[in-house]
Amino acid sequence: MLTSAAGISSELSSRFASARRVLVLTGAGVSAESGVPTFRGGGKSAVWKGMPFDVFSSSSMLESDLAAVWEWFNYRRAVLETLKPNPAHQAIAEWQHRCEEFCVVTQNVDGLHQAAGSLDVIELHGNVWRGRCLECGKRYDLRALGIKEGVPGCQQCSGPLRPDVVLFGEMLPAGAFEKAAAKAENCDLCFVVGTSALVYPAASLPEIASAAGAYMVEVNPERTPLSHLCDEVLTGPAGEILPLL
Ligand code: OAD
């Protein structure tokens, strides 16, 4: 069934009212209305200093130019510092009190779900507010370190830190996908919000939920490769649609 942003179907309202296990998968689009630029969408792809984002956000860049990787993430943190959760993040945070089991799985690294009050958030791609030592693996809260520019060093072993974010060409954090996949297999209602559904393995989570029989709802102004899997496609901005639920 395709539904427009104009209304929430009675089927969805009743599914939502009776759902026991709800999974929400989010991507960059859920933060768009907070002012966080998406990577793709509207036919465009993000470019920074003339390079496509999958080049400067890649594991090979980490090896060849760690300072440039930090420059990009220092810039992203400076942008994020001024931004706040939007009504989409807030609606999702409220939903956690409505059902027995509720889980947010996000590809976003901005921490805005937690800032809105979401408690159970699986971060598939890490978090820009954390750094990790390349030598000893110790993790740091970059807000507490007050890092604004340059490549920070480890206070324990003096090794260089890297952003604790998954870069192109890297594996997801140990256990994160497995935990999310188990939630996807068991949910009875699955929302897919603001993701282009092009990056795997995150994009396979809705496939898992759908194959396991969950009622599938997509919220996105554009269609995606997952739209055909969904029972309802709510076409429009998440910040306008999610609060209607
Ligand atoms: P993308 O930038 O690929 O896709 C953003 C999606 O959000 C698009 O489908 C837009 O149509 C949609 N969108 C835009 N505004 C929206 C709004 N107000 N409400 C709802 N949807 C909206 O972002 P992701 O799918 O999250 O990975 O990208 C996946 C991964 O690719 C990211 O986590 C990142 C990137 O490389 C890493 O950094 C490892």
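Around the ligand stand 22 residues, of which the closest are Phe 39, Arg 40, Thr 195, Ser 196 and Asn 220; a residue is near a molecule or strand if one of its heavy atoms lies within 4 Å of it. This is a predicted model, in which local features need pLDDT of at least 70 and side-chain atom pairs count only at pLDDT 80 or more, while totals for chains, interfaces and linings use all residues. Residues are numbered from 1 along each chain as its sequence is written, and side-chain values use heavy atoms, with hydrogens and water left out.

The shell around the ligand divides into 10 nonpolar, nine polar and three charged residues, where Ala, Val, Leu, Ile, Met, Phe, Trp, Tyr, Cys and Pro count as nonpolar, Asp, Glu, Lys and Arg as charged, and the others, Gly among them, as polar. Several polar contacts, that is, pairs of N or O atoms within 3.5 Å, can be followed here. In the side chain of Ser 196, an N or O atom is 2.6 Å from an oxygen atom of the ligand. A polar backbone atom of Ala 28 lies 2.8 Å from a ligand oxygen atom, and a backbone N or O atom of Gln 107 is 3.1 Å from an oxygen atom of the ligand. On its own the ligand has 790 Å² of accessible area, and the protein covers 93% of this, by the Shrake-Rupley method with a 1.4 Å probe.

Turning to the sheet, three strands form an open sheet in the order β10-β9-β11, with antiparallel pairing; strands are DSSP runs of E with at least two residues, helices are runs of H or I with at least four, both numbered from the N terminus, and two strands pair if DSSP finds at least two bridges between them. Because β10 (139–141) and β11 (161–165) stand at the edges with a single partner strand each, one side of each is left without a neighbour in the sheet. From one strand to the next, the twist averages 40 degrees, with axes fitted to C-alpha atoms and angles running from 0 to 180 degrees between N-to-C directions. Strand β9 (residues 126–133) is joined to β10 by three bridges, and Gly 131 has Tyr 140 in β10 as its bridge partner.

Most residues other than glycine have a negative phi, and most peptide bonds are trans. Ser 158, in the loop between α7 (142–145) and β11, has a positive phi near 70 degrees. A cis peptide bond, with omega about 10 degrees, joins Tyr 200 and Pro 201, and Pro 201 lies in the loop between β12 (189–193) and α9 (204–211).

Definitions and conventions: Polar contact = N/O pair within 3.5 Å; in protein donor to acceptor, adjacent residues only side chain to side chain.
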